[in-house]
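These are my notebook entries on a structure that I looked up and read through. I set them down in the order in which I worked.

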Amino acid sequence: MNEPATFERIDSGGGAALCFSGDLSLARIGDLPKRLEAVQGPVSRIDLHQIERIDTVGAWLVHRFARDHGAEIVGLQPDEAHLLEQVAAAECPVEKPRPQAGLIPRVLGEVGEAVVTAGKTLYGLLGFLGATLIAFWNVATHPSRFRFNATVHRFEIVGVTALGIIGLMSFLIGIVIAQQGAVQLRQFGAEIYTINLVGRITLRELGVLMTAIMVAGRSGSAFAAQIGTMKLTEEVDAMRTIGVSPLEALVLPRTIAVVLMMPLLAFYSSLIGIIGGGLLCWIALDIPPITFIMKIREVVPMTDLWICLIKAPVFGIIIALAGCFQGMQVEGDAEQVGHRTTTAVVQAIFLVIVLDAFFAVFFSGIGWK
Amino acid sequence: MSRPPKSDTIIKVRGLRNAFGDAVVHDGLDLDVRRGEILGVVGGSGTGKSVLMRSIIGLQTPVEGQIEVFGETTIGRDETEAMDVRKRWGILFQGGALFSTLTVAENVQVPLKEFYPQLDQQLLDEIAGYKVVMSGLPADASPKYPAELSGGMKKRAGLARALALDPELLFLDEPTAGLDPIGAAAFDDLTASLQKTLGLTVFLITHDLDTLYAICDRVAVLADKKVIAVGTIPELLALDHPWIQEYFNGPRGRAAVASTTRHAAREDQV
């Protein structure tokens, strides 16, 4: 192993000289930079006769010291002198990062930016909806351009493979609602109304809402990540240049798949939720399944099913559009893909819940209570 | 910076076998890289040039075989030992592989901070500054993010990061692919001059015949899952292997020779 880099100060008639020795390389410099900074007084000469090796970091330290003290460098081999020259020639000023603004202006600035971004996103999303509808119209008038296989493939990914997880989730939610309902309603001796609670809330609200959240998490995020990655690898650009519309090839099959699968999944979810609730009623409240089913038919109006089936495709459009739109916004680097994917899911769930509130008011308003 | 004798072997690969499922990429591959040389590695697409590099640097665990770098076996040793070797090499991946969330200067500082935490920020900034310029980037590229750079600039930034630790051994995976001829020639000059000033050993994967003629001391040819020949270009040309003949004597090969000769003639005049 080579000796660590070090130096010695020699004061002679013609001014002080620093005499370096050892291995002047990154691995062996140790605290040399600090010791060099501590050197006081004028130094007119840097002697490198005794060094064993020098690399660019060593050369830089020597160069920096020589520059700051106006010292002359002596005792280099030709190769080493060349290295020093190259390092010196490559010197460039270090840019200082701009000082950050104070807390209040920064918070205000961020809030302002967030508002502008939200506005732009909403505008962009509406534009994207329009573009998708135009693409849909084009495909509808030229059915040969419809990508049947791609769409059916999405059916499977969005719909069939989601059955397991959505079923399990709905089953558990049905049980939880029935259990909580039973505990509360028992206080009034009205356990029988647990059936109303389970039947109506799953079909009208929770089935479709939980399905939408699950689909946004499973498929909306996947859309954003897939399309985003395709943007990064220039696949989307390649499509455009070949004359394939990315909206027709990527966005439309996904949107159609989600719009068609959502009602099916939501109905399935409601059904499983009711089964879960029924099971709990049977076990905890001693209501036999046959009574439960009879009672469900009695208390759940047909309009609840319509509400479920009307809301589901609308939520589906929101999820698919948010996913595809955010995917198409990816530009630059891999971090964008992650960021856009997160945004797609958050946006989809947020818009679904906002719209759900509007739907609740609307359906009550038209008398579907 | 006296150069040790040429026979000093830095990378030693023996009986390397790599396979992905049923597809065998390397079978019984041997290769030596000597200290201080620029070794060009050539081969048709899919002959496993990059896989060979990944095996040597430990990203790909081979099925069989021995790999020694700086005289130490790289396969199956623990992380702490591996770190000591990693300090001594730098790698430029094909696409640059810059960390996209960091600026160019920060990218260069990553290995420095990782291995030498005692360096202060001022010195780190200065080191990053001259590395960036030495790699042929303008000084104002330092605060930029990789997404703001062109393909050629990304390669140079990748090289700056590969050179951050002043390595003894440099792996370059197709450094000139995708660069314009002027940029590629400048990159060759840069590699050669860094090799000379820093005493580097360079393991260079390339398809660029100009690069091979201009800067490589020796060339290793990958074919039939092995290194079928290693030597200087005249030595390779003396061999009677169809692929080698085709490669160096094809139209592009001849053009590269012509340009190298012209270049040399011009330098003689000056």
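**Entry 1. Helix 4 of chain B**

I began with the buried residues of helix 4 of chain B, which are B:Leu123, B:Glu126, B:Ile127, B:Ala128, B:Gly129, B:Tyr130, B:Lys131, B:Val132, B:Val133 and B:Met134. I call a residue buried if 20 or more other C-beta atoms lie within 10 Å of its own, exposed if 12 or fewer, and partly exposed in between, with C-beta atoms placed from the backbone. Helices (H or I, at least four residues) and strands (E, at least two) are DSSP runs, numbered from the N terminus.

The model is predicted: local features need pLDDT of at least 70 and side-chain atom pairs count only at pLDDT 80 or more, while totals for chains, interfaces and linings use all residues. Residues are numbered from 1 along each chain as its sequence is written, and chains are lettered from A and ligands numbered from 1 in the order in which they are written.

Because 10 of its 14 residues are buried, helix 4 of chain B is largely enclosed by the rest of the structure. I noted what its buried residues pack against: helix 1 (32–37), helix 2 (56–69) and helix 3 (78–89) of chain A, and also helix 3 (104–115) and helix 5 (151–162) of chain B. From first to last C-alpha the helix reaches 20 Å, close to the 20 Å expected at 1.5 Å a residue; the expected span is 1.5 Å times one less than the number of residues. After helix 4 of chain B comes B:Gly136, with a positive phi near 90°.

**Entry 2. The contact of the chains**

How many residues does each chain bring to the contact? I found 27 residues from chain A and 23 residues from chain B, two residues being in contact if their C-beta atoms, placed from the backbone, lie within 7 Å. On the side of chain B that touches chain A, helix 4 (121–134) and helix 6 (181–198) of chain B each supply at least two residues. Helix 4 of chain B gives the largest share of that side, eight residues. By kind, I recorded 13 nonpolar, five polar and five charged residues there. In this division Ala, Val, Leu, Ile, Met, Phe, Trp, Tyr, Cys and Pro count as nonpolar, Asp, Glu, Lys and Arg as charged, and the others, Gly among them, as polar.

**Entry 3. Nonpolar cores**

I next looked up the cores, each a set of buried Ala, Val, Leu, Ile, Met, Phe, Trp, Tyr and Cys residues joined through C-beta atoms within 7 Å. The largest has 98 residues, and B:Leu39, B:Val41, B:Val132, B:Phe171, B:Phe203 and B:Leu204 have the most contacts inside it. Helix 4 of chain B contributes its largest share, seven residues. A second, separate core of 58 residues includes A:Ile173, A:Leu206, A:Met261 and A:Leu280. In soluble globular proteins, nonpolar side chains tend to be buried together.

For B:Val41 I listed contacts beyond four places in sequence; among them are B:Lys49, B:Phe203 and B:Leu222.

**Entry 4. The sheet of chain B**

In what order do the four strands of the open sheet lie? I read 2-1-4-5 (chain B), with antiparallel pairing; strands pair if DSSP finds at least two bridges between them. The edge strands, each pairing on one side only, are strand 2 and strand 5 (72–73) of chain B.

Eight bridges join strand 1 (residues 9–20) to strand 2 (residues 23–34) of chain B, and B:Thr9 has B:Arg34 as its bridge partner. In their hairpin, with two residues between the strands, B:Gly21 takes a positive phi near 65°. Strand 1 also pairs over five bridges with strand 4 (residues 64–69) of chain B, where B:Val13 is partnered by B:Ile67. Two bridges join strand 4 to strand 5 of chain B, and B:Val69 stands opposite B:Glu72.

B:Val25 lies in strand 2 of chain B. I count B:Val25 as buried because 23 other C-beta atoms lie within 10 Å. Its C-alpha is 5.9 Å from that of B:Gly48, 23 residues apart along the chain.

**Entry 5. Helix 5 of chain A**

Lastly, I noted that helix 5 (residues 148–159) of chain A has A:Arg154, A:Val158 and A:Gly159 as its buried residues. Seen down the axis, they fall within an arc of 100°, so they line one face of the helix; the arc is that of the directions from the helix axis to the C-beta atoms. The face turned away carries the exposed residues A:Asn149, A:Val152 and A:Glu156. The cover over the buried residues includes helix 7 (194–232) and helix 9 (246–285) of chain A.
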